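Please read the following briefing alongside the sequence and the coordinates. It takes the chain as a whole before turning to individual residues.

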Amino acid sequence: QVTLVESGGGLVQAGGSLKLSCADSKGIFSGYVMGWFRQTPGLEREFVAVIRWSDGSDDVLFYGDSVKGRFTISRDTVNKSVSLQMNSMKPEDTAIYYCAAPLRSTRLDRYNYYRPPIYDLWGQGTQVTVSS
């Protein structure tokens, strides 16, 4: 069974940067979609970014409105991981960040990419705290 594992969370000052990574700890993930969500206590899980890749075509990227222009999602084909580079961070970025992927990558399209139910596989989450 695929197990997604996040790494790279921590504490950063406002305006600073952090980079999160996500990989399948068993190396058996065969899909081509992986994304990030975040959640703070009492609030719904919020879509952050997603990447869809395919051989011979450019990666397709989607971002949540609150992170556009500051966060960048990318994939590392060598390490078979997906990263989230977070720049110009704000206190409101404080949350637990989750890596997620659908079991069937074909489920995701431009109309549903932001919806948590589309994603079947979830990591345990990593805490990101931005101090003011």
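Helices (H or I, at least four residues) and strands (E, at least two) are DSSP runs that are numbered from the N terminus. By that convention, Ser105 is found in the loop between strand 9 and strand 10, the latter being residues 121-122. This is a predicted model, in which local features need pLDDT of at least 70 and side-chain atom pairs count only at pLDDT 80 or more, while totals for chains, interfaces and linings use all residues. Residues are numbered from 1 along each chain as its sequence is written, and side-chain values use heavy atoms, with hydrogens and water left out.

**The chain as a whole**

- The chain has 0 helices and 11 strands, and from the N terminus on its elements run β-β-β-β-β-β-β-β-β-β-β.
- The chain has a radius of gyration of 14 Å, which agrees with the value near 14 Å that a compact globule of 132 residues would have; the radius is taken over C-alpha atoms, and the globule rule is 2.2 Å times the number of residues to the power 0.38.
- Along its principal axes, the C-alpha trace of the chain spans about 40 × 30 × 30 Å.
- Of the 132 residues of the chain, 42% count as buried, where buried means under 20% relative accessible area, exposed means over 50%, and partly exposed lies in between (1.4 Å probe, protein chains only).
- Among contacts (heavy atoms within 4.5 Å) between residues at least 6 apart in sequence, 57% join residues at least 24 apart.

**Surface and charge**

- The chain exposes about 7,200 Å², of which carbon and sulfur atoms supply 47%; accessible areas come from the Shrake-Rupley method with a 1.4 Å probe, and for residues only the protein chains shown count as cover.
- The mean positions of the 14 positive and 13 negative charges of the chain are 2 Å apart, with Lys and Arg counted as positive, Asp and Glu as negative, and His and the chain ends not counted.
- The place of a charge is taken as NZ of Lys, CZ of Arg, CG of Asp or CD of Glu.

**The disulfide**

- A disulfide is a pair of cysteine sulfur atoms within 2.5 Å, and by this rule the count comes to 1 disulfide.
- Cys22 and Cys99 form a disulfide with their sulfur atoms 1.9 Å apart, and the link of Cys22 and Cys99 is left-handed, with -80 degrees about the S-S bond.
- Because Cys22 lies in strand 3 and Cys99 in strand 9 (residues 95-101), the pair ties together parts that are 77 residues apart in sequence.
- Cys22 counts as buried at 1% relative accessibility, and Cys99 is buried as well, with a relative accessible area of 0%.

**Three serines**

- Ser25 lies in the loop between strand 3 (18-24) and strand 4 (33-39), and Ser25 counts as exposed because its relative accessibility is 52%.
- Leaving out residues up to four places away in sequence, Ser25 touches Thr3 and Val5, while Ser25 and Glu6, 19 residues apart in sequence, are 9.6 Å apart in space, C-alpha to C-alpha.
- Ser81 is placed in strand 8 (residues 81-86) and counts as buried at 11% relative accessibility; not counting residues up to four places away in sequence, Ser81 touches Cys22, Ala23, Ser74, Arg75 and Asp76.
- Ser105 is buried, with a relative accessible area of 6%, and, its neighbours within four places in sequence aside, Ser105 is in contact with Gly31, Tyr32 and Val33.
- The C-alpha atoms of Ser105 and Tyr119 are separated by 9.1 Å, the two residues being 14 residues apart along the chain.
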